Amino acid sequence: MEKDMFWKNVSLLLKNKKISQEKMCEDLGMSIYTLRSSISKQVLPRVDVAKTIADYLDTSVDFLLTGKESNEYKERLEKLKTKIENIIQEEGK
């Protein structure tokens, strides 16, 4: 279930980065009580809050929801980068 996975992954990343829930909430301007209530009730945060948490933990919302990083966007970005580099090289000739 996504809700369960989201909070498990948040907890795992906080533990790995040695950041407390309190510290994250303080840094993000969130209420610790709201966070703990969301975790205990297994309520997913709003999209903007999920994105803020993901950014703070240096990961993606995809990872928080599924436990897997999505490479789709990274692959698209690499393809675009290659195309731009090729265009620049062609213009320089």
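Predicted model: local features only at pLDDT ≥ 70, side-chain atom pairs only at ≥ 80, totals over all residues.
1. Start with the packing. The largest nonpolar core has 17 residues, and the members touching the most other members are W7, V10, L35, I53 and L64. Two or more residues come from each of α1 (2-16), α2 (21-28), α3 (32-41), α4 (47-56) and α5. The top contributor is α1, which gives 5 residues to this core. As background, nonpolar side chains in soluble globular proteins tend to be buried together.

2. L64 is worth a click if you have the viewer open. Leaving out residues up to four places away in sequence, L64 touches M5, F6, N9, V10, L13, A50, I53, A54 and T59. Two of those partners, V10 and I53, also turn up with L64 among the core residues that touch the most other members.

3. On aromatics, the structure holds 1 pair. It is made by F6 and W7: the ring centres are 4.8 Å apart and the planes sit at 85°, so this counts as edge-to-face. F6 is buried, because its relative accessibility is 1% and the cut-off is under 20%. W7 comes out as buried too, with a relative accessible area of 3%.

4. Then there's L65, the next residue along. L65 belongs to helix α5, which spans residues 61-66. For a sense of distance, L65 and S31 are separated by 34 residues in sequence and by 21 Å in space, C-alpha to C-alpha.

Notes:
Residues numbered from 1 in each chain as written. Heavy atoms only, no water. Helix = DSSP H or I, 4+ residues; strand = E, 2+ residues; numbered from the N terminus. Core = buried A, V, L, I, M, F, W, Y, C linked by side-chain atoms within 4.5 Å. Buried < 20%, exposed > 50% of the residue type's maximum accessible area, 1.4 Å probe, protein only. Contact = heavy atoms within 4.5 Å. Phe/Tyr/Trp six-rings, centres within 6.5 Å; stacked < 30°, edge-to-face > 60°.
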